[in-house]
Amino acid sequence: MSNDETFAAAYREHYWAVSRYVARRLDGRTDEVEEVVAEVFTVAWRRRADLPAAPLPWLYGVARNCLANAVRGQGRRRRLVRRMGNDDAAHNRHIEAGPDADAPGAWVHDALARLSPADQEVLRLTAWEELGIEEVAVALGCGNRAASMRLHRARRRLRAEIDRLCPTTPAKEYGHG
């Protein structure tokens, strides 16, 4: 199979998985998802000779880098808007969420948000993207042992945050713990 055919197959097979990966990390900023996904596959096209036999973890690694670039760009735009004095709050467009706005299980997302970006990413790769440790290692650009250790530590830190946010777990409530 030629490099072009390999790329085309990877695109067809993994476009939606990469889109979901990006969408979950952009947390509702759907207008940016297509832009980041396009950048991921632009990089993949340029590096199509480097595509591995199982390209999805590699594509996730590219997506991580593209997301980091997008976040840096957003920061620059926010700072520029602030300097110009043209933010939404200055024009009374700031919207406060109501008391019932919390989605079920929002505390899990709150606990996850309190972790470092590196911890969040390793947990998301295993839970959301359902990658095995070998695939996580490829996506993170590290060895299997390092990926395994990162996952173990991130899980431990997430458990600590969950316990801190919700000190009464269901097992304790029902006298099982």
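Colleague: Which elements have the lowest and the highest mean pLDDT?

Modeller: The lowest value, 48, belongs to helix H8 (residues 170-173), and the highest, 92, to helix H6 (residues 133-140). Over residues 87-101 the pLDDT is below 50, and this stretch has seven contacts beyond near neighbours in sequence. Residues 171-177 are also below 50, with four such contacts.

Colleague: Why should such contacts not be read in detail?

Modeller: Where pLDDT is low, the predicted coordinates should not be read in detail.

Colleague: Why is glutamate 161 called buried?

Modeller: Glutamate 161 has a relative accessibility of 16%. Buried means under 20%, so glutamate 161 counts as buried. The residue is found in helix H7 (residues 144-165) and, apart from neighbours within four places in sequence, is in contact with Ala111, Arg114 and Leu115.

Colleague: What makes the pairing of the side chains of glutamate 161 and arginine 164 a polar contact?

Modeller: The pair is joined at 3.1 Å. The cut-off for N or O atoms is within 3.5 Å, and the pair therefore qualifies as a polar contact.

Colleague: Why is isoleucine 162 buried?

Modeller: Isoleucine 162, also found in helix H7, has a relative accessible area of 12%. The limit is under 20%, and therefore isoleucine 162 is buried. Not counting residues up to four places away in sequence, isoleucine 162 touches Trp107 and Ala111.

Key:
Residues numbered from 1 in each chain as written. Predicted model: local features only at pLDDT ≥ 70, side-chain atom pairs only at ≥ 80, totals over all residues. Heavy atoms only, no water. pLDDT = per-residue confidence, 0-100. Helix = DSSP H or I, 4+ residues; strand = E, 2+ residues; numbered from the N terminus. Contact = heavy atoms within 4.5 Å. Buried < 20%, exposed > 50% of the residue type's maximum accessible area, 1.4 Å probe, protein only. Polar contact = N/O pair within 3.5 Å; in protein donor to acceptor, adjacent residues only side chain to side chain.
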